[in-house]
Amino acid sequence: MSKLKTLKGANSLHDIAKILGFKPKALAYILYKKGDAAKYQKFEIPKRTGGTRTISAPSDDLKNLQSRLSELLQDCVEEINQPKNFSGAISHGFRRGHSIITNASAHKNRRYVFNIDLENFFGTINFGRVRGFFIKNKNFELSPAAATVVTQIACFENSLPQGSPCSPVISNLVAHILDIRLAKLAHKTGCHYSRYADDLTFSTNKPTFPIEIAKPVEEEANKWVVGDDLNTIVGKAGFAVNSAKTRMQLERSRQDVTGLVVNRKVNTRVEYRRSARAMTDRLLKQGKFYRKQVSVDENGNEVISEVDGTVPELNGILSFINSPRMHRIKSFLERPQKNKEHSRKINAREVQIAFPLNSNETLYGDLLFYKDFHAPASPLIVCEGKTDNIYLKAAVRQTIGKFPLLAEKPRGQPIDVKVRFYKYTDTTARILNLAGGVGDLCKIISLYGSIGKKISAPNSEFPVILFTDNDSGAKGKGGIFSKMKSALRGKPDGNEPFYFLGGNLYVVPTPVSANGDDTVIEDFFDTQTKSIKLGNKKFNPAKSGFDSKTEYGKYLFAEQVVRKHQDKINFAGFEPILERIQLVINEHAKKLAG
């Protein structure tokens, strides 16, 4: 049964609790036993445009409950839209596959861009409106009892609170009728319309802007007011325009929508990029930077001060700066799938040709290298692919107590894993050319030379450990042992427990066998584990060339055998590998102390 049908069939708190994966008693306790002071914590944050915004942050258990409700309602929205073959949206806030970028993209390169804000958007959507929507809306039509419980989960002090995970999706549902009416008005007057939360935007290339939506004030230059038709539609939908935030942006000036410039292409503001570049430059040189912070004093006045910045904050800033370009690349990749005449997928090389790295991406790459390699927050283990990560993570957890520098389990507490495993992502593939695969360990050594030489800040107290098989692939031409040759002034033989390449960079190979033969990581599993069959297929650790009809490879072994059955696997064979990793952590600490 679909999730929407399941929700429509609910008739009690017990039913809603079951759908959300909660015990009825736990749900009842959160809704009816906990006091408001225990449910929410209130605080104010300054708005970018001035003034403050009150945030009501839910307690952990309530936040978990609201997050599950949000996911459920988003699933329901997708079910509702699927039969209509509807993939686009008028509202872009807090929707899967949509963002401030998709919202801004609808208004790029326009003669006129007109913005308005809705007054007290979330506060206007009160308990009665939410409950009435879920009962009366033809797509939901919930029972009164179910609608009441859903609304009690969502609302606080008779409205949708800012800070709740489910307020955004519910506000979109309630405001949908407003979006439909405004989209019709925009179509009739030759405009484009979109909404992101309480931010409404209309744009057009017509010679004059339609007075139904906005009109200039003759007595005051550059001042515009909301048109009668727009004002009437907003009022009838149960909202109100915040007249203090009405603004018209003409093509000869900078036009921005939800914080992004849209004059020719969607981009971040140049001042924002310059500030990010300055902060990154200072971090790479000194190992610290400062950022501006806006606060409110006891008199309600905004105060701008400098505070210590953090690497995660700067990572978020540079990721945001890079996001419009990543959106354009994603659109480029999706083009062949939309064109019936060309079904061929675009490869990575074509993307690189069409979108060579720009200065913002290069800067982001410098930060990513600093964050992950030059100054990691904990010992970092880098494997060539996902399968080795799965093996080593499981081995660390299943040998708890034997290697205290890798993981510990305090009494009554969950396991504290003290090492981190490098995660390859689309961003690392694009920015650092690290996608996870053969040769990536060599690329990381090269990055220490190319990007590392830009950094004068001190290295981290934690090592970066490149973990590799000790086989012909690693020792052959183009393998990691050849790459290590210049740093070590001679090609390593693979017999040492680890190799120090300088700074905080180490290489740990798998131990050679008792006979001195080459090894790969799968050799350290016991025979019983490697004998496990999937169906009638047996495991073959070869990287290629196995018979797919009778054998399965490393990926399925990692996912279906090791990950699923790690609690039952004997990882004693991995202890020599883990000893080497712990030895490196100890050795690096000694170097710093010395």
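View 1. Helices (H or I, at least four residues) and strands (E, at least two) are DSSP runs, numbered from the N terminus. Axes are lines fitted to C-alpha atoms, for helices over the stretch in contact (heavy atoms within 4.5 Å). Angles run from 0 to 180 degrees between N-to-C directions. In this predicted model, local features need pLDDT of at least 70, side-chain atom pairs count only at pLDDT 80 or more, and totals for chains, interfaces and linings use all residues.

**View 2. Four strands form an open sheet.** The order is β4-β5-β3-β8, and the pairing is antiparallel. Strands β4 (192-196) and β8 (241-250) are the edges, each pairing on one side only. Two strands pair if DSSP finds at least two bridges between them. On average, neighbouring strands here are turned by 15 degrees against each other, direction ignored.

**View 3. Strand β4 meets β5.** The two run antiparallel, joined by 5 bridges. Strand β5 spans residues 199-204. Ser 194 has Thr 201 in β5 as its bridge partner.

**View 4. Glu 551 sits in strand β21.** This strand covers residues 551-552. Leaving out residues up to four places away in sequence, Glu 551 touches Lys 537, Lys 538, Asn 540 and Phe 546. Residues are numbered from 1 along each chain as its sequence is written, and side-chain values use heavy atoms, without hydrogens and water.
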